[in-house]
Amino acid sequence: MLKGHQSWVFENKPKIISTATVVGPFEGQGPLAEDFDIIHADLYLGQDSWEKAERTLLEESASLAIEHAGLTKEQIQFLFGGDLMNQIISSSFAARTLSIPYIGMFGACSTSMESLAMASYVVNSGGAKYAAAGTCSHNASVEKQFRYPTEYGSQKPPTSQFTVTGSGAAVLSLEGEGPSVTSATIGRVIDMGITDPFNMGAAMAPAAVDTIEAHFRDLQIEPSYYDLIVTGDLSKVGYAIANDLFKRHNIPIHETNYQDCGMMIYDYEKQQVQAGASGCACSAVVTYGHLLKKVQRGELKRILVVATGALLSPISYQQGESIPCIAHAVSIEQ
């Protein structure tokens, strides 16, 4: 199953037999709104804190994905998940409610593909008949932890990004119908010395390019193998840097359609999101909602989703540490 240095090829091709996406009201005003299962009108989701609302997002998406698969929670062997909160409390508390054997993981905004890669690995090897992967984020809870509380009303620079309120989940199995997860490349931690938490795109772009380059090298393929390569949440700033790095590294990214989830979920002309979107839910809802619908309709046959994450914490930032970043790539084929 190991291919090259840091990639897995899943010979049994585990299938994504169902997905579900849940988003907040702001995401429901964007161009991908029709591809989401639930759009909430209230940022609190009927809860009394932003953190409880974030937990509820994952509870809903995971429950709905299981329902879409025609299964019950008791039939899911393992749930892989994580989020941006300290001690990944959103995912852990959601797992408490779901009562599914749980493997928590932290990859910051790369968690969507990290969890999908690990769930695929376990299902492919026979470690589970059914496994679920999911992640979540909430604009208000994340802003409060990593930057400033929304009530503070601070101004943000053009390089900053807008955290997605939402959650995406998927159920995988060797049985059933759906797109196949064919390979995954696990990224290295890359740190270019950037310390500005309002410029995550610039910090994460080198990690995204490094993982994509490793994926091509390990699998001995070219960008043209895929109909679409999409990064997680580099948004405008990081997307431009990534394109520059592709040229410097002689990676012919122009042979395929290269996009970024952080630039897809919002309407730049109508929504004030600075450089674009970020958050664990960014690549999760775009992939499990918008992109997989395109795959199922036959509009895309092979896609590579490269979720990116900044592995900082409030403590590391306050102590002047730079921002280490990572990216994980998962290929999905019809």
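Tutor: Happy to! Let us begin with a definition: an axis here is a line fitted to C-alpha atoms, for helices over the stretch in contact, and the angle between two axes runs from 0 to 180 degrees between N-to-C directions. Two packed helices are described by that angle and by the distance between the axes. Keep in mind that the model is predicted.

Our pair is helix α3, residues 111–124, and helix α7, residues 280–296. Their axes come within 7 Å and cross at roughly 60 degrees. Angles of 65 to 115 degrees would count as roughly perpendicular and those under 35 as roughly parallel, so α3 and α7 are oblique to each other.

Now look at the residues that meet. From α3 come T111, S112, M113 and L116, and on the α7 side they touch C280, S283, A284, T287 and Y288. Sorted by class, this contact holds five nonpolar and four polar residues, with no charged ones.

Stepping back, the chain that holds this pair has eight helices and 15 strands. Its radius of gyration is 18 Å, close to the 20 Å that the globule rule gives for 334 residues, so the chain is as compact as a globular protein of that length. The C-alpha trace spans about 50 × 50 × 35 Å along its principal axes, and 60% of the 334 residues are buried. Contacts also reach across the sequence: of those between residues at least 6 apart, 78% join residues at least 24 apart. Finally, the accessible surface of the chain comes to about 13100 Å², and 49% of that belongs to carbon and sulfur atoms.

Terms used. Residues numbered from 1 in each chain as written. Predicted model: local features only at pLDDT ≥ 70, side-chain atom pairs only at ≥ 80, totals over all residues. Heavy atoms only, no water. Helix = DSSP H or I, 4+ residues; strand = E, 2+ residues; numbered from the N terminus. Parallel < 35°, antiparallel > 145°, perpendicular 65-115°, else oblique. Contact = heavy atoms within 4.5 Å. Nonpolar A, V, L, I, M, F, W, Y, C, P; charged D, E, K, R; others polar. Rg over C-alpha atoms; globule rule 2.2 N^0.38 Å. Buried < 20%, exposed > 50% of the residue type's maximum accessible area, 1.4 Å probe, protein only. Areas by Shrake-Rupley, 256 points an atom, 1.4 Å probe, with all protein chains shown as cover.
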